[in-house]
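Subject: Structure for you to look at

Hello,

Please find the structure below. My notes on it follow.

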Amino acid sequence: MSTKKGRVFSGARPTGRQHLGNYLGAIKNYVALQDEYDCVYCVVDLHALTTVEDTEDLRQNTYEMALDFLAAGIRPEESIVFVQSHVPQVTELHTILSMVTPLGKLTDLPTFKEKVRMHPHNINYGLVGYPVLMAADITLYKASVVPVGVDQASHLEFTRETVRSFNYRFKTNVLIEPEMKVTEVPKVIGIDGQQKMSKSLDNHIEIAATPEETTKRVMMMVTDPQRQRRSDPGNPDVCNVFSFHKIFSSAEEVEMVNVECRRAGIGCVDCKKLLAKNLNAHLAPFRARRAELDQKPDDVWNVLEDGARRAREIAEQTMREVRAAVGLP
Ligand code: TRP
(Lines give C-alpha, C1' and ligand atoms only; values in the text may rest on other atoms or scores of the structure.)
Protein backbone atom coordinates (compact mmCIF):
# COMPACT_ATOMS: atom_id res chain seq x y z
CA MET A 1 0.00 0.00 0.00
CA SER A 2 1.43 3.32 -1.03
CA THR A 3 1.97 6.04 1.55
CA LYS A 4 1.80 8.80 -1.01
CA LYS A 5 -0.74 11.61 -1.13
CA GLY A 6 -2.82 10.32 -4.00
CA ARG A 7 -2.69 9.63 -7.71
CA VAL A 8 -1.51 12.11 -10.30
CA PHE A 9 -2.41 11.72 -13.95
CA SER A 10 -1.12 13.76 -16.81
CA GLY A 11 -1.12 13.35 -20.56
CA ALA A 12 1.18 14.79 -23.16
CA ARG A 13 0.83 14.64 -26.92
CA PRO A 14 3.57 12.75 -28.73
CA THR A 15 5.46 15.73 -30.08
CA GLY A 16 8.81 13.99 -30.42
CA ARG A 17 11.99 15.46 -29.01
CA GLN A 18 11.17 17.83 -26.22
CA HIS A 19 12.39 21.41 -25.99
CA LEU A 20 13.29 23.71 -23.13
CA GLY A 21 9.70 24.93 -22.91
CA ASN A 22 8.42 21.37 -22.39
CA TYR A 23 11.24 20.66 -19.96
CA LEU A 24 10.77 23.72 -17.75
CA GLY A 25 7.00 23.75 -18.14
CA ALA A 26 6.08 20.11 -17.65
CA ILE A 27 8.80 17.48 -17.45
CA LYS A 28 10.63 18.92 -14.43
CA ASN A 29 7.34 19.08 -12.63
CA TYR A 30 6.42 15.49 -13.60
CA VAL A 31 9.73 14.34 -12.14
CA ALA A 32 9.27 16.28 -8.90
CA LEU A 33 5.69 15.06 -8.34
CA GLN A 34 6.93 11.47 -8.09
CA ASP A 35 8.25 12.18 -4.59
CA GLU A 36 4.78 12.93 -3.27
CA TYR A 37 2.30 11.12 -5.50
CA ASP A 38 1.72 7.89 -7.35
CA CYS A 39 2.13 9.14 -10.86
CA VAL A 40 0.59 7.99 -14.12
CA TYR A 41 2.04 9.64 -17.22
CA CYS A 42 0.48 8.99 -20.59
CA VAL A 43 1.56 9.69 -24.13
CA VAL A 44 -1.80 10.64 -25.64
CA ASP A 45 -1.48 9.32 -29.18
CA LEU A 46 -5.27 9.11 -29.70
CA HIS A 47 -5.62 12.78 -28.84
CA ALA A 48 -2.88 13.50 -31.36
CA LEU A 49 -4.96 11.85 -34.10
CA THR A 50 -7.54 14.64 -33.82
CA THR A 51 -5.18 17.14 -35.45
CA VAL A 52 -2.28 15.16 -36.86
CA GLU A 53 -2.76 14.61 -40.57
CA ASP A 54 0.41 12.66 -41.12
CA THR A 55 0.52 9.70 -38.75
CA GLU A 56 3.79 8.34 -40.09
CA ASP A 57 5.90 9.94 -37.39
CA LEU A 58 3.67 8.94 -34.47
CA ARG A 59 5.77 5.95 -33.48
CA GLN A 60 9.10 7.75 -33.65
CA ASN A 61 7.68 10.80 -31.86
CA THR A 62 6.33 8.60 -29.09
CA TYR A 63 9.70 6.92 -28.71
CA GLU A 64 11.68 10.16 -28.64
CA MET A 65 9.36 11.69 -26.09
CA ALA A 66 9.48 8.63 -23.86
CA LEU A 67 13.29 8.74 -24.03
CA ASP A 68 13.27 12.37 -22.91
CA PHE A 69 10.89 11.60 -20.04
CA LEU A 70 12.92 8.65 -18.81
CA ALA A 71 16.28 10.37 -19.19
CA ALA A 72 14.93 13.41 -17.33
CA GLY A 73 14.17 11.28 -14.29
CA ILE A 74 10.75 9.72 -14.58
CA ARG A 75 11.15 6.45 -12.71
CA PRO A 76 9.20 3.65 -14.39
CA GLU A 77 9.61 1.28 -11.44
CA GLU A 78 7.56 3.74 -9.39
CA SER A 79 5.47 5.64 -11.89
CA ILE A 80 3.35 4.28 -14.70
CA VAL A 81 4.48 5.54 -18.09
CA PHE A 82 2.47 4.32 -21.05
CA VAL A 83 0.87 5.02 -24.40
CA GLN A 84 -2.82 5.92 -24.38
CA SER A 85 -3.87 3.58 -27.22
CA HIS A 86 -2.34 0.59 -25.41
CA VAL A 87 -5.20 0.75 -22.93
CA PRO A 88 -8.37 0.38 -25.04
CA GLN A 89 -10.64 0.80 -22.00
CA VAL A 90 -10.19 4.54 -22.41
CA THR A 91 -12.21 4.53 -25.62
CA GLU A 92 -15.00 2.60 -23.93
CA LEU A 93 -15.16 5.10 -21.09
CA HIS A 94 -15.04 7.90 -23.63
CA THR A 95 -18.16 6.49 -25.31
CA ILE A 96 -20.01 6.14 -22.04
CA LEU A 97 -19.06 9.64 -20.86
CA SER A 98 -20.20 11.06 -24.18
CA MET A 99 -23.76 10.07 -23.22
CA VAL A 100 -23.76 12.53 -20.32
CA THR A 101 -22.13 15.32 -22.33
CA PRO A 102 -24.32 18.02 -23.86
CA LEU A 103 -23.02 18.72 -27.34
CA GLY A 104 -23.30 22.48 -26.93
CA LYS A 105 -20.93 22.41 -24.02
CA LEU A 106 -18.23 20.93 -26.24
CA THR A 107 -18.72 23.29 -29.15
CA ASP A 108 -18.75 26.29 -26.77
CA LEU A 109 -15.33 25.52 -25.34
CA PRO A 110 -12.71 28.17 -26.25
CA THR A 111 -10.20 25.38 -26.94
CA PHE A 112 -12.56 23.87 -29.54
CA LYS A 113 -13.11 27.23 -31.22
CA GLU A 114 -9.37 27.76 -31.36
CA LYS A 115 -8.83 24.35 -33.00
CA VAL A 116 -11.54 25.11 -35.55
CA ARG A 117 -9.73 28.34 -36.36
CA MET A 118 -6.43 26.52 -36.74
CA HIS A 119 -7.70 23.50 -38.68
CA PRO A 120 -10.72 24.76 -40.64
CA HIS A 121 -10.49 21.88 -43.09
CA ASN A 122 -10.35 19.10 -40.51
CA ILE A 123 -13.14 19.66 -38.01
CA ASN A 124 -13.72 16.02 -37.23
CA TYR A 125 -16.00 14.36 -34.72
CA GLY A 126 -12.98 13.32 -32.62
CA LEU A 127 -11.97 16.94 -32.23
CA VAL A 128 -15.34 17.81 -30.72
CA GLY A 129 -14.97 14.90 -28.31
CA TYR A 130 -11.37 15.75 -27.37
CA PRO A 131 -12.30 16.89 -23.83
CA VAL A 132 -14.46 13.79 -23.32
CA LEU A 133 -11.48 11.59 -24.12
CA MET A 134 -9.41 13.64 -21.71
CA ALA A 135 -12.05 13.21 -19.00
CA ALA A 136 -11.92 9.47 -19.69
CA ASP A 137 -8.10 9.49 -19.31
CA ILE A 138 -8.29 11.13 -15.94
CA THR A 139 -11.25 9.28 -14.46
CA LEU A 140 -10.24 5.84 -15.75
CA TYR A 141 -7.26 5.95 -13.37
CA LYS A 142 -9.26 7.67 -10.61
CA ALA A 143 -6.67 10.42 -10.48
CA SER A 144 -7.11 12.93 -7.70
CA VAL A 145 -4.64 15.49 -9.00
CA VAL A 146 -3.95 16.65 -12.55
CA PRO A 147 -0.94 18.89 -13.14
CA VAL A 148 -1.53 21.02 -16.21
CA GLY A 149 -0.88 24.48 -17.55
CA VAL A 150 -3.60 27.15 -17.34
CA ASP A 151 -4.46 26.53 -21.00
CA GLN A 152 -6.07 23.26 -19.88
CA ALA A 153 -8.24 24.82 -17.15
CA SER A 154 -11.45 24.61 -19.18
CA HIS A 155 -10.82 20.93 -19.90
CA LEU A 156 -10.29 20.20 -16.25
CA GLU A 157 -13.47 22.02 -15.33
CA PHE A 158 -15.23 20.03 -18.03
CA THR A 159 -13.89 16.80 -16.51
CA ARG A 160 -15.17 17.78 -13.08
CA GLU A 161 -18.62 18.57 -14.45
CA THR A 162 -18.68 15.31 -16.38
CA VAL A 163 -17.89 13.35 -13.23
CA ARG A 164 -20.74 15.07 -11.41
CA SER A 165 -23.16 14.42 -14.30
CA PHE A 166 -22.16 10.79 -14.55
CA ASN A 167 -22.35 10.11 -10.82
CA TYR A 168 -25.70 11.91 -10.54
CA ARG A 169 -27.25 10.27 -13.57
CA PHE A 170 -26.23 6.76 -12.54
CA LYS A 171 -26.60 7.32 -8.78
CA THR A 172 -23.05 6.27 -8.04
CA ASN A 173 -19.74 7.60 -6.84
CA VAL A 174 -17.38 5.45 -8.86
CA LEU A 175 -15.84 8.37 -10.71
CA ILE A 176 -13.67 10.82 -8.82
CA GLU A 177 -13.63 14.60 -9.32
CA PRO A 178 -10.00 15.54 -9.90
CA GLU A 179 -8.28 18.62 -8.56
CA MET A 180 -6.37 20.75 -11.00
CA LYS A 181 -2.84 21.56 -9.94
CA VAL A 182 -1.78 24.54 -11.97
CA THR A 183 1.85 24.25 -12.84
CA GLU A 184 3.69 27.43 -11.99
CA VAL A 185 5.57 27.78 -15.19
CA PRO A 186 7.95 30.48 -16.22
CA LYS A 187 6.61 31.44 -19.63
CA VAL A 188 9.38 30.15 -21.84
CA ILE A 189 9.89 32.42 -24.84
CA GLY A 190 11.54 31.05 -27.97
CA ILE A 191 14.81 32.14 -29.53
CA ASP A 192 12.87 34.73 -31.55
CA GLY A 193 12.47 36.60 -28.27
CA GLN A 194 8.76 37.05 -29.00
CA GLN A 195 6.59 33.96 -28.92
CA LYS A 196 6.17 31.04 -26.59
CA MET A 197 8.74 28.37 -27.39
CA SER A 198 7.26 25.82 -29.75
CA LYS A 199 8.40 23.26 -32.26
CA SER A 200 5.95 24.43 -34.92
CA LEU A 201 7.35 27.97 -34.77
CA ASP A 202 10.89 26.59 -35.00
CA ASN A 203 11.99 28.91 -32.21
CA HIS A 204 12.89 26.08 -29.86
CA ILE A 205 15.98 24.47 -28.38
CA GLU A 206 15.77 20.69 -28.01
CA ILE A 207 17.01 19.34 -24.71
CA ALA A 208 18.55 16.37 -26.51
CA ALA A 209 20.44 18.56 -29.00
CA THR A 210 24.23 18.29 -29.16
CA PRO A 211 26.25 20.97 -27.37
CA GLU A 212 27.21 22.38 -30.80
CA GLU A 213 23.57 22.61 -31.94
CA THR A 214 22.59 24.14 -28.63
CA THR A 215 25.30 26.77 -28.85
CA LYS A 216 24.29 27.56 -32.41
CA ARG A 217 20.64 28.08 -31.38
CA VAL A 218 21.63 30.20 -28.38
CA MET A 219 23.81 32.38 -30.61
CA MET A 220 20.71 32.98 -32.79
CA MET A 221 18.68 34.30 -29.86
CA VAL A 222 17.12 37.72 -30.27
CA THR A 223 18.27 40.12 -27.53
CA ASP A 224 17.19 43.61 -26.44
CA PRO A 225 16.26 45.15 -29.82
CA GLN A 226 17.30 48.61 -28.57
CA ARG A 227 20.87 47.43 -28.30
CA GLN A 228 22.18 47.82 -31.84
CA ARG A 229 25.93 48.11 -31.31
CA ARG A 230 28.35 46.51 -28.90
CA SER A 231 28.89 49.92 -27.28
CA ASP A 232 25.14 50.49 -26.62
CA PRO A 233 24.00 49.73 -23.08
CA GLY A 234 21.41 46.94 -22.95
CA ASN A 235 18.39 46.22 -20.80
CA PRO A 236 18.39 42.70 -19.31
CA ASP A 237 14.79 43.16 -18.17
CA VAL A 238 13.58 42.90 -21.76
CA CYS A 239 16.18 40.37 -22.92
CA ASN A 240 15.23 36.72 -23.29
CA VAL A 241 18.87 35.63 -22.94
CA PHE A 242 18.82 37.12 -19.46
CA SER A 243 15.61 35.18 -18.61
CA PHE A 244 17.51 32.00 -19.35
CA HIS A 245 20.55 33.11 -17.37
CA LYS A 246 18.24 33.41 -14.37
CA ILE A 247 17.38 29.74 -14.77
CA PHE A 248 20.69 28.19 -15.79
CA SER A 249 23.48 30.44 -14.50
CA SER A 250 24.89 30.97 -11.04
CA ALA A 251 23.74 33.89 -8.88
CA GLU A 252 27.11 35.61 -9.38
CA GLU A 253 26.88 35.28 -13.15
CA VAL A 254 23.32 36.56 -13.21
CA GLU A 255 24.41 39.58 -11.21
CA MET A 256 27.43 40.12 -13.44
CA VAL A 257 25.27 40.06 -16.60
CA ASN A 258 22.69 42.31 -14.96
CA VAL A 259 25.32 44.94 -14.17
CA GLU A 260 27.62 44.62 -17.17
CA CYS A 261 24.89 44.52 -19.84
CA ARG A 262 23.45 47.80 -18.59
CA ARG A 263 26.79 49.57 -18.98
CA ALA A 264 27.90 47.74 -22.13
CA GLY A 265 30.61 45.97 -20.17
CA ILE A 266 29.61 42.66 -21.71
CA GLY A 267 28.46 42.20 -25.30
CA CYS A 268 25.59 39.99 -26.44
CA VAL A 269 27.96 37.48 -28.02
CA ASP A 270 29.85 36.83 -24.79
CA CYS A 271 26.62 36.86 -22.81
CA LYS A 272 25.21 34.14 -25.09
CA LYS A 273 28.41 32.11 -24.98
CA LEU A 274 28.18 32.06 -21.22
CA LEU A 275 24.56 30.95 -21.37
CA ALA A 276 25.34 28.21 -23.90
CA LYS A 277 28.13 26.91 -21.68
CA ASN A 278 25.88 26.79 -18.61
CA LEU A 279 22.95 25.29 -20.47
CA ASN A 280 25.16 22.56 -21.92
CA ALA A 281 26.63 21.82 -18.50
CA HIS A 282 23.13 21.63 -17.00
CA LEU A 283 21.91 19.23 -19.67
CA ALA A 284 25.04 17.05 -19.86
CA PRO A 285 23.92 14.36 -17.37
CA PHE A 286 20.49 14.19 -19.02
CA ARG A 287 22.07 13.81 -22.45
CA ALA A 288 24.44 11.08 -21.29
CA ARG A 289 21.57 9.13 -19.79
CA ARG A 290 19.46 9.60 -22.90
CA ALA A 291 22.23 8.36 -25.18
CA GLU A 292 22.60 5.30 -22.98
CA LEU A 293 18.86 4.50 -23.13
CA ASP A 294 18.86 5.08 -26.87
CA GLN A 295 21.35 2.22 -27.25
CA LYS A 296 18.52 -0.21 -26.47
CA PRO A 297 15.27 0.94 -28.04
CA ASP A 298 13.60 -2.38 -27.19
CA ASP A 299 14.10 -1.69 -23.51
CA VAL A 300 12.31 1.64 -23.88
CA TRP A 301 9.37 -0.01 -25.63
CA ASN A 302 9.33 -2.66 -22.90
CA VAL A 303 9.07 0.06 -20.26
CA LEU A 304 6.02 1.40 -22.12
CA GLU A 305 4.56 -2.10 -22.43
CA ASP A 306 5.00 -2.74 -18.75
CA GLY A 307 3.39 0.63 -17.99
CA ALA A 308 0.43 -0.28 -20.20
CA ARG A 309 0.01 -3.62 -18.44
CA ARG A 310 -0.14 -1.90 -15.04
CA ALA A 311 -2.42 0.80 -16.42
CA ARG A 312 -4.81 -1.79 -17.87
CA GLU A 313 -5.21 -3.42 -14.47
CA ILE A 314 -6.42 -0.18 -12.93
CA ALA A 315 -8.48 0.63 -16.02
CA GLU A 316 -10.28 -2.70 -16.13
CA GLN A 317 -11.17 -2.46 -12.45
CA THR A 318 -12.67 0.99 -12.99
CA MET A 319 -14.57 -0.20 -16.06
CA ARG A 320 -16.12 -3.09 -14.16
CA GLU A 321 -17.48 -0.57 -11.68
CA VAL A 322 -18.59 1.80 -14.43
CA ARG A 323 -20.38 -0.89 -16.44
CA ALA A 324 -22.18 -2.06 -13.31
CA ALA A 325 -23.18 1.50 -12.38
CA VAL A 326 -24.53 2.16 -15.87
CA GLY A 327 -26.37 -1.13 -15.92
CA LEU A 328 -24.68 -2.63 -18.94
CA PRO A 329 -25.58 -6.31 -18.93
N1 TRP B 1 -5.15 18.04 -23.56
C2 TRP B 1 -3.81 17.97 -23.06
C3 TRP B 1 -2.94 18.91 -23.87
O4 TRP B 1 -3.20 19.18 -25.01
C5 TRP B 1 -3.24 16.58 -23.12
C6 TRP B 1 -4.03 15.60 -22.28
C7 TRP B 1 -4.77 14.57 -22.73
C8 TRP B 1 -4.10 15.58 -20.87
N9 TRP B 1 -5.30 13.89 -21.69
C10 TRP B 1 -4.93 14.46 -20.53
C11 TRP B 1 -3.56 16.38 -19.85
C12 TRP B 1 -5.22 14.16 -19.21
C13 TRP B 1 -3.88 16.06 -18.54
C14 TRP B 1 -4.70 14.98 -18.21
O15 TRP B 1 -1.93 19.34 -23.36
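A salt bridge here is a side-chain nitrogen of Lys or Arg within 4 Å of a carboxyl oxygen of Asp or Glu. By that rule, Arg17, Glu64, Asp68, Glu206 and Arg290 are linked in a network.

Two notes on the source. The model is predicted, and local features need pLDDT of at least 70, side-chain atom pairs count only at pLDDT 80 or more, and totals for chains, interfaces and linings use all residues. Residues are numbered from 1 along each chain as its sequence is written, and side-chain values use heavy atoms, with hydrogens and water left out.

Salt bridges

How many salt bridges does a search of the whole structure find? The search finds 25. Side chains of opposite charge can pair when their charged atoms come close.

One of the pairs is Glu64 with Arg17, whose side chains meet at 3.3 Å, N to O. This pair links distant parts of the chain: Glu64 is in helix H3, and Arg17 is in the loop between strand E1 (7-12) and H1, 47 residues apart. Helices (H or I, at least four residues) and strands (E, at least two) are DSSP runs, numbered from the N terminus. Glu64 counts as buried at 12% relative accessibility, while Arg17 counts as partly exposed at 28%. Buried means under 20% relative accessible area, exposed means over 50%, and partly exposed is in between (1.4 Å probe, protein chains only).

Another salt bridge joins the side chains of Arg160 and Glu179 (3.9 Å, N to O). Arg160 lies in helix H9 and Glu179 in strand E5 (residues 179-182), so the pair ties together parts that are 19 residues apart in sequence. Glu179 is partly exposed, at 47% relative accessibility.

Helix H9 also holds Arg164, which pairs with Glu177 in the loop between H9 and E5; the two are 13 residues apart. Glu177 is partly exposed at 29% relative accessibility, and Arg164 is partly exposed with a relative accessible area of 38%.

Other residues of helix H9

Not counting residues up to four places away in sequence, Thr162 touches Leu97 and Val100; contact means heavy atoms within 4.5 Å. From C-alpha to C-alpha, Thr162 and Asp151 are 19 Å apart in space and 11 residues apart in sequence.

Glu157 is found in helix H9 as well, and counts as partly exposed at 35% relative accessibility. Its C-alpha atom is separated by 25 Å from that of Val81, 76 residues apart along the chain.

Helix H11

Which residues of helix H11 (residues 240-248) are buried? They are Asn240, Val241, Phe242, Phe244, His245 and Phe248. These buried residues pack against helix H1 (20-33), helix H12 (251-262) and helix H13 (268-294).

Val241 has a relative accessible area of 1% and is therefore buried. Leaving aside neighbours within four places in sequence, Val241 is in contact with Met221, Thr223, Cys271, Lys272 and Leu275. The C-alpha atoms of Val241 and Met221 are 7.1 Å apart in space, and the two residues are 20 apart in sequence.

His204

His204 lies in the loop between E5 and helix H10 (211-219). With a relative accessible area of 9%, His204 is buried. Leaving aside neighbours within four places in sequence, His204 is in contact with His19, Met197, Ser198, Lys199 and Arg217.

A charged patch

Glu53, Asp54, Glu56 and Asp57 gather in a patch of negative charge on the surface. Patches are made of residues with over 30% relative accessible area and no salt bridge, with like charges joined within 9 Å and nonpolar side chains (Val, Leu, Ile, Met, Phe, Trp, Tyr) within 5 Å. Asp and Glu count as negative and Lys and Arg as positive, while His and the chain ends are not counted. Asp54 is found in the loop between helix H2 (45-49) and helix H3 (58-72). Asp54 is partly exposed, with a relative accessible area of 47%.

Regards

How values were computed. Areas by Shrake-Rupley, 256 points an atom, 1.4 Å probe, with all protein chains shown as cover. Charge placed at Lys NZ, Arg CZ, Asp CG, Glu CD.
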